[in-house]
There are 2 protein chains.
Amino acid sequence: MNLLEERIQRDGVVKEGGVLKVDSFLNHQMDIALFRWMAEEWKRRFAGVPVSKILTIEASGIGIAAIAGECFSVPVVFAKKAKSINLDGGMYTAEVESFTHKNKNQILVSKKFLAPEDQVLILDDFLANGCALQGLISVVTAAGATVAGIGIAIEKGFQPGGQVIRSLGYRLESLAIVEEMDPARGSIRFRPQPQG
Amino acid sequence: MNLLEERIQRDGVVKEGGVLKVDSFLNHQMDIALFRWMAEEWKRRFAGVPVSKILTIEASGIGIAAIAGECFSVPVVFAKKAKSINLDGGMYTAEVESFTHKNKNQILVSKKFLAPEDQVLILDDFLANGCALQGLISVVTAAGATVAGIGIAIEKGFQPGGQVIRSLGYRLESLAIVEEMDPARGSIRFRPQPQG
């Protein structure tokens, strides 16, 4: 097991309905040393892939993407989820449905921050049904930019998002892929990963 | 001028109604090298102050706080703005009004992540009327923890938040304090800062 898988095994809490709580280290309290490991692991996996910008989505992607931005030495853009009075002018938009919150959001990225020449690494904390990710991909595509790759912290392998994204031909690097979870026993089984 | 002030002067856009757009480097696209400078500047200003945890609020505080978390080697907690099905159990809550979005939000921090022995450094990108900050302070106080200090990227010196917070006796370190902005001329005047 890698560092993230070990941490999920130790501190993740399996709930009914396919919910995995990792709020003690990933998406409410953030273990920045773990984020640094994740960023370096993506850097290793995407070695040789040109990346000019990182794109993520608020809120829980931001911390991970910020640390990765330092590691890749590129600017980080986070897509916003609601219309803001501070966001005027041209925006790329997409509609996404949240698995966690059971609601629909418009995601917004200012046209100023994605250019056709950009090689965009998309990062996020979770991949479940893949809606947020498809929204981010459509924003990159709308800008005429290239999706250099996609990095996910935790993929729920028992939900369709990962397969959909890989079928579309994108290079998707999930650092932990949960194959199966049992809320009764609190057990988590991971898909085997390539060793670094 | 320090690095942040220079950047605001160069890339900030002054709008009507006391709005300062800094979305090209602070709260939509993020310049992580600048965030690193900010984190190290807070580290310098709070030298000798014990800090066990950093607390911020989603969304635009998260990137800054993540980099600062690495600099201070402490975990980072971000307060959430809406009730989530993944946040069960005991929560500290406070009601805050957003200057930017003109709406009220409940902010939530899980009781698991703030303990009475915590020395909390509160960080955020903006300080205007101080409502978000007062919410974060009340959460720390409710936990019986100590506010070790408060670090702000951009304080709007022409709004009352900074004075209120300083009057309450908190040590507030704002890296750029905007004293005056003129949307017609696009000019920005900063309050003089102690030199490092």
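Seven strands form an open sheet of mixed pairing, in the order β11(A)-β10(A)-β9(A)-β8(A)-β4(A)-β5(A)-β3(B). Strands here are DSSP runs of E, at least two residues long, and helices are runs of H or I, at least four long, numbered from the N terminus. Two strands pair if DSSP finds at least two bridges between them. The edges of the sheet are β11 (187-190) of chain A and β3 of chain B, each pairing on one side only.

This is a predicted model, in which local features need pLDDT of at least 70, side-chain atom pairs count only at pLDDT 80 or more, and totals for chains, interfaces and linings use all residues. Residues are numbered from 1 along each chain as its sequence is written, while chains are lettered from A and ligands numbered from 1 in the order in which they are written.

Now follow the pairing. Strand β4 (residues 53-57) of chain A runs parallel to β5(A), with four bridges. There, I57(A) has A79(A) of β5(A) as its bridge partner. β5(A) also pairs with β3 (residues 29-30) of chain B, antiparallel and over two bridges. Here V77(A) stands opposite Q29(B).

A helix covers part of this sheet. Helix α4 (residues 131-142) of chain A lies across β4, β5, β8 (119-127) and β9 (146-156) of chain A, at about 170 degrees to β8(A). Angles run from 0 to 180 degrees between N-to-C directions, with axes fitted to C-alpha atoms, for helices over the stretch in contact.

How are the two chains related? A rotation of 180 degrees with 0.0 Å of shift along its axis superposes chain A on chain B, with an RMSD of 0.0 Å. That is the relation of a two-fold axis. The same surface serves both copies, as 100% of the contact residues of chain A recur in chain B.

Contact means that C-beta atoms, placed from the backbone, lie within 7 Å. The contact takes 32 residues from chain A and 32 residues from chain B. On the side of chain A that touches chain B, α3(A) gives the most, with six residues. That side divides into 14 nonpolar, 10 polar and eight charged residues. Ala, Val, Leu, Ile, Met, Phe, Trp, Tyr, Cys and Pro count as nonpolar, Asp, Glu, Lys and Arg as charged, and the others, Gly among them, as polar.

Note on methods:
Copies are superposed by least squares on the C-alpha atoms of residues with pLDDT of at least 70 in both. Two residues are in contact if their C-beta atoms, placed from the backbone, lie within 7 Å.
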